[in-house]
Amino acid sequence: MSRRSKKTKEVIEAILANLREGLTKEVACSQAGINSRTLYNWCEDDAELALDVQAAIDVSQAVLIKAVTSAAFTDWRAAAWMLERRWPGDFAAKRDVEVSVNNKSDGTDVVVGMIAQAQALLISGDVEDQTTPPASNKQLLDETE
């Protein structure tokens with residue numbers, strides 16, 4: 001016995017209404033009680049549904065653009081926001097970051113210098129033999145008493 005499909009008129013209308021309100025497909029589907037992958041599968045199999053989904057998204061976009069455009073008459077930030085997103089090449093804030101590195105070293109000279117210092121210390125005898133493991137904390141405490 002096959003499972004009953006969730007693709008009912010009520011579920012589809014709920015999804016389309018959610019999309020018209022501006023929800024993403026994922027949230028619109030979740031609110032209607034289905035997984036978004038289910039809607040994608042339905043749209044692949046049903047061209048008319050795919051067109052209805054896109055039309056609902058287009059309505060939402062038009063409503064939101066109208067809201068921002070209307071707000072631009074009383075708040076310059078709405079106009080700036082619209083300009084930055086509609087024509088980013090002309091109006092987006094330029095956020096260029098310049099990085100310059102004056103030191104062309106890859107660190108080799110520093111390592112070579114450290115090795116030379118270590119060799120000089122070993123030759124002069126000013127450093128203990130580091131090949132034996134260090135004493136434990138208990139041994140160090142006993143020696144200082």
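These are my notebook entries on a predicted model.

**Ground rules.** I number residues from 1 along each chain as its sequence is written, and I leave out hydrogens and water, with side-chain values using heavy atoms. As the model is predicted, local features need pLDDT of at least 70 and side-chain atom pairs count only at pLDDT 80 or more, while totals for chains, interfaces and linings use all residues.

**Entry: the fold.** The chain has eight helices and zero strands. I read its pattern as α-α-α-α-α-α-α-α. Both kinds of element are DSSP runs numbered from the N terminus: helices are H or I with at least four residues, strands are E with at least two.

**Entry: burial.** I then asked what share of the 145 residues is buried. The value is 13%. Buried means under 20% relative accessible area, exposed means over 50%, and partly exposed lies in between (1.4 Å probe, protein chains only).

**Entry: salt bridges.** How many salt bridges does the structure hold? I noted four. Each is a side-chain nitrogen of Lys or Arg within 4 Å of a carboxyl oxygen of Asp or Glu.

I looked up Asp46 and Lys7, which form a salt bridge with the closest N and O atoms 3.1 Å apart. This pair links distant parts of the chain, 39 residues apart. Asp46 sits in the loop between α3 (36–45) and α4 (47–71), and Lys7 in the segment before α1 (9–20). Asp46 counts as partly exposed because its relative accessibility is 22%. Lys7 is partly exposed too, at 33%.

Next I took Arg37 and Glu44. Their closest N and O atoms are 3.2 Å apart in a salt bridge. Arg37 has a relative accessible area of 42%, so it is partly exposed. Glu44 is at 59% and therefore counts as exposed.

Arg77 and Asp75 also meet through their side chains, at 3.0 Å from N to O. Is Arg77 buried or exposed? I found it exposed, because its relative accessibility is 53%. Asp75 is partly exposed, at 25%.

**Entry: a contact across the sequence.** I checked Arg20, which lies in helix α1. Its C-alpha atom is separated by 5.9 Å from that of Ile57, 37 residues apart along the chain. Arg20 has a relative accessible area of 36%, so I list it as partly exposed.

**Entry: a surface patch.** Which residues form a nonpolar patch on the surface? I noted Leu83, Trp87 and Phe91, with about 280 Å² of accessible area together. Patches take residues with over 30% relative accessible area and no salt bridge; like charges are joined within 9 Å, nonpolar side chains (Val, Leu, Ile, Met, Phe, Trp, Tyr) within 5 Å. The areas come from the Shrake-Rupley method with a 1.4 Å probe, and for residues only the protein chains shown count as cover. I placed Trp87 in the loop between α5 (76–86) and α6 (88–91). Trp87 is partly exposed because its relative accessibility is 41%.
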